[in-house]
Amino acid sequence: MTSTAQRSRSRTRHTGAAAVALAAAAALLAGCSSSDDTSDNPLEGEKAEAGTVVVGSNNFAESTLLADIYGEALRAKGLKVDYKHNIGSRETTYGLMKNGSITVLPEYNGSLLAYLDPEAGQKSAEAVNQAAKAKLDKKLTLLESSPAEDKDSVALNAETAKKHGLTAESTLADLKDAAPEITIGGSPEFQTRQQGLKGLESVYGLKFKSFKALDAGGPLTQAALTGNEVQAADVFTTDPTIVKEKFVVLKDPENLFGFANVTPLVSKDGLPQEGVEALNAVSAKLDTETLLDLDAQVQLEKKDPLDVAKAWLKSAGLD
């Protein structure tokens, strides 16, 4: 499995039928395990030692970075922290949270709600959090969400944005006049989803020249947008390629793409109050622009995520 595929699966925002989720979970149970857990079944991981906070991450770079930020923020408050990095996708990590093997996990509120209840609506970040909390295992809860979101977006390459006078302050509605001249790219599913071409037309009135099937915000999409094979594409909002290639991400004021605020998922009994306060303080400081910059340091500049986490916490006064 490629890293892009793993990343997409871990963060998927559009959950399919329950049977698909169960099949994915079964496959993960058969073949995935944490680097810190030698069990054949990752859901049989050892529970945290008393007094130790275990911070886990899914198997993509941003999740590892966020886990390091959370863990080092907790250490700054004098808590003992262990890490379980790159465990797998949500099916696996959620099971480890439920059985007490993990105490803290960076999550995305809308994505988590879609996993817990595929039919749930997403009208506001607060409503998403309340709905997710109601569906969570009774031993778990969500802390305060950060403004930082890693979700689908429509991005333009620099040439197209300049041609049509669009900037990072422009909205999807501002693309209406230019859309008939533009080929947009994305995963095959993007063409038929409401949170895709259907919604872009019904919510923003966008009718594109054509659609090109690529991948879910991965290397095919990035290459096609950079090479102007497509002029617009579905790109995740914290993808470092945005920085590298100077893509212009259009704002989504109608929240067509839902919510994906970075939010700590925690064990109610495993995290003391000082830990709760430390993670809420992180959420208060972390926005999308900051997370995009931190991701770029890790993924483009190849810096150690732990070093990046520590440096940001210091700059934010949270060390």
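Here is the tour, one selection at a time.

Before you click, note that this is a predicted model, where local features need pLDDT of at least 70 and side-chain atom pairs count only at pLDDT 80 or more, while totals for chains, interfaces and linings use all residues. Residues are numbered from 1 along each chain as its sequence is written, and side-chain values use heavy atoms, with hydrogens and water left out.

**Stop 1: strand E3**

Select residues 104-108, which form strand E3. Strands here are DSSP E runs of at least two residues, helices are H or I runs of at least four, and both are numbered from the N terminus. Five of the five residues in E3 are buried, where buried means under 20% relative accessible area, exposed over 50% and partly exposed in between (1.4 Å probe, protein chains only). In a regular strand the side chains alternate between the two faces of the sheet. Color Val104, Pro106 and Tyr108 for one side of E3, and Leu105 and Glu107 for the other; both faces are covered.

Look across from Val104 and you'll land on Val266.

**Stop 2: the largest nonpolar core**

Val104 also belongs to the largest nonpolar core, which has 35 residues. Such a core is a set of buried Ala, Val, Leu, Ile, Met, Phe, Trp, Tyr and Cys residues joined through side-chain atoms within 4.5 Å. Show Val55, Ile69, Leu74, Val104, Leu271 and Trp312, the members that touch the most others. Elements giving two or more residues include E3, E10 and helix H3 (61-75), and H3 provides the largest share, seven residues.

Zoom in on Leu74: its contacts (heavy atoms within 4.5 Å) include Val53, Val104, Leu271 and Ala278.

**Stop 3: Asn157**

Jump to the loop between strand E5 (154-156) and helix H7 (158-163), where Asn157 lies. Is Asn157 buried or exposed? Buried, at a relative accessible area of 5%. Its side chain makes a polar contact of 2.6 Å with that of Thr160 (N or O atoms within 3.5 Å; within protein, one able to donate a hydrogen and the other to accept it, with sequence-adjacent residues counting only if both atoms are side-chain atoms). The Asn157 side chain also reaches the backbone oxygen of Leu225 at 3.0 Å.

**Stop 4: Asn86**

Finish with Asn86, in the loop between E2 and helix H4 (90-98). Asn86 has a positive phi of about 55° and is partly exposed, at 41% relative accessible area.

Conventions. Pairing = 2+ DSSP bridges. Lists of a residue's contacts leave out its neighbours within four places in sequence.
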